[in-house]
Amino acid sequence: YGKRIFARRMVFSVSVKSYAKVNLSLNISGVQGGYHAIDSVVANIDLYDTVRARARKDRLVNVYMRGRGSEQIPPEQNHAVRAGEAFVAAFGTFGADIEIDKDIPIGAGLGGSSADAAGVLNALAKLYKVEDREALKALADGLGSDTGYMLGGGFARLSGRGTRVQPLASPRRYDMLLFLPASPVSTAACYRRYDAAPDPLRADSARLASALQAGDFAGVAANVYNALQRPACELNPEVAAALAAAASFSPAAHAVTGSGSAVFALFESEELCRWAHSRWKGKMCARVVHTLVPGERRRGLPNPFVLVQEEPDAEKRRKDGREKS
């Protein structure tokens with residue numbers, strides 16, 4: 001097994017995209033084993049970090065990060081490093097040199113560190129032909145509460161510590177304007193602030209999950225909610241400013257994602273998102289994003305410069321007809 005991997009080392013490398021997520025709903029249902037139990041409906045969006053891995057001939061894992069201030073993360077606090085080392089120990093493979101180009105902001109509630117850890121696991125699994133997804137999920141669950149979800153992504157309802165993942169099917173995508181404050185929110189501090197004044201448990205995650213699967217946009221929008229929104233605003237005034245900016249465009253719904261600091265405004269169409277984005281004049285970064293299911297292929301738009309879309313062999317049939325005549 002080791003020799004087979006070593007033979008590929010000189011030529012084999014992989015690259016994967018690891019996508020951010022938004023919490024369409026986030027309830028806190030209690031504490032389990034010292035961790036907060038959540039009930040949350042999540043979705044990937046088309047904002048991602050790129051993870052590249054090249055095999056080594058030893059068992060070392062080196063991680064190099066670029067972008068979004070990630071260069072300053074100490075290796076002992078880097079979830080991507082932990083993920084690489086855990087993979088090598090669990091599956092007995094060689095190590096890897098890993099490069100991560102970050103576009104997911106740090107401390108924004110978009111799952112950036114979990115995305116990097118999941119991206120490393122997915123890249124190394126692809127590099128070393130590891131196909132045991134259950135073992136990968138167990139490994140991911142030990143690295144972070146939503147890292148297991150990030151392995152596959154898509155629409156899902158998370159419960160417990162976030163490690164129980166119920167995939168959800170959605171017949172439509174959702175378009176959002178994402179506001180990105182410059183400063184982060186500490187997740188640990190946000191939960192502590194929440195514990196001092198918790199919200200009553202709500203049922204919006206269940207209602208939102210049903211609406212999502214039914215393609216009921218109004219039902220989804222009506223149940224957007226985040227129990228951590230109030231403490232996030234108390235900890236970081238920029239979060240409150242982002243919420244006010246989102247509300248100014250009268251979206252169908254708007255909320256903090258995760259523990260902040262990012263805020264999304266949900267619109268009925270991409271056109272409305274782009275209209276709002278074109279009229280945003282504030283200093284805070286804003287960008288149009290869409291939900292997606294990683295790996296799912298969408299049919300491209302037809303070429304607007306072609307009047308008639310012909311079958312690939314249409315020209316050949318015409319040529320054959322001319323020759324026969």
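Colleague: Which elements each supply at least two residues of the lining of the second largest pocket?
Modeller: In this predicted model, the second largest pocket has 13 lining residues, with Lys17, Tyr19, Asn122, Leu151 and Pro294 nearest its centre. The elements that each give at least two residues to that lining are β1, α3 and α5 (147-152).

Colleague: And which element gives the largest share of that lining?
Modeller: By class, the lining of the second largest pocket holds five nonpolar, six polar and two charged residues. Its largest share is four residues, and they come from β1.

Colleague: Happy to move on! How much space lies in the largest pocket?
Modeller: The volume of the second largest pocket is about 260 Å³. For the largest pocket, the space is about 1200 Å³.

Colleague: Which residues are closest to the centre of the largest pocket?
Modeller: Its lining takes at least two residues from each of β1 (13-32), β2 (35-55), α2, α3 and α6 (187-196). Of the 44 lining residues, those closest to the centre are Ser113, Ser114, Ser145, Asp146 and Thr187.

Colleague: Where is the cis peptide bond?
Modeller: Most peptide bonds are trans. Here, serine 261 belongs to the loop between β9 (253-256) and β10 (263-267). With omega about 20°, the cis bond joins glycine 260 and serine 261.

Terms used: Residues are numbered from 1 along each chain as its sequence is written. This is a predicted model: local features need pLDDT of at least 70, side-chain atom pairs count only at pLDDT 80 or more; totals for chains, interfaces and linings use all residues. Side-chain values use heavy atoms; hydrogens and water are left out. On a 1 Å grid over the protein atoms alone, a cavity is a set of points where a 1.4 Å probe fits but cannot get out, and a pocket is an open set with protein on both sides within 12 Å along at least five of seven lines; lining residues have an atom within 4 Å of a point. Grid points are joined across faces, edges and corners, and a volume is the space filled by probe spheres set on the points. Ala, Val, Leu, Ile, Met, Phe, Trp, Tyr, Cys and Pro count as nonpolar, Asp, Glu, Lys and Arg as charged, and the others, Gly among them, as polar.
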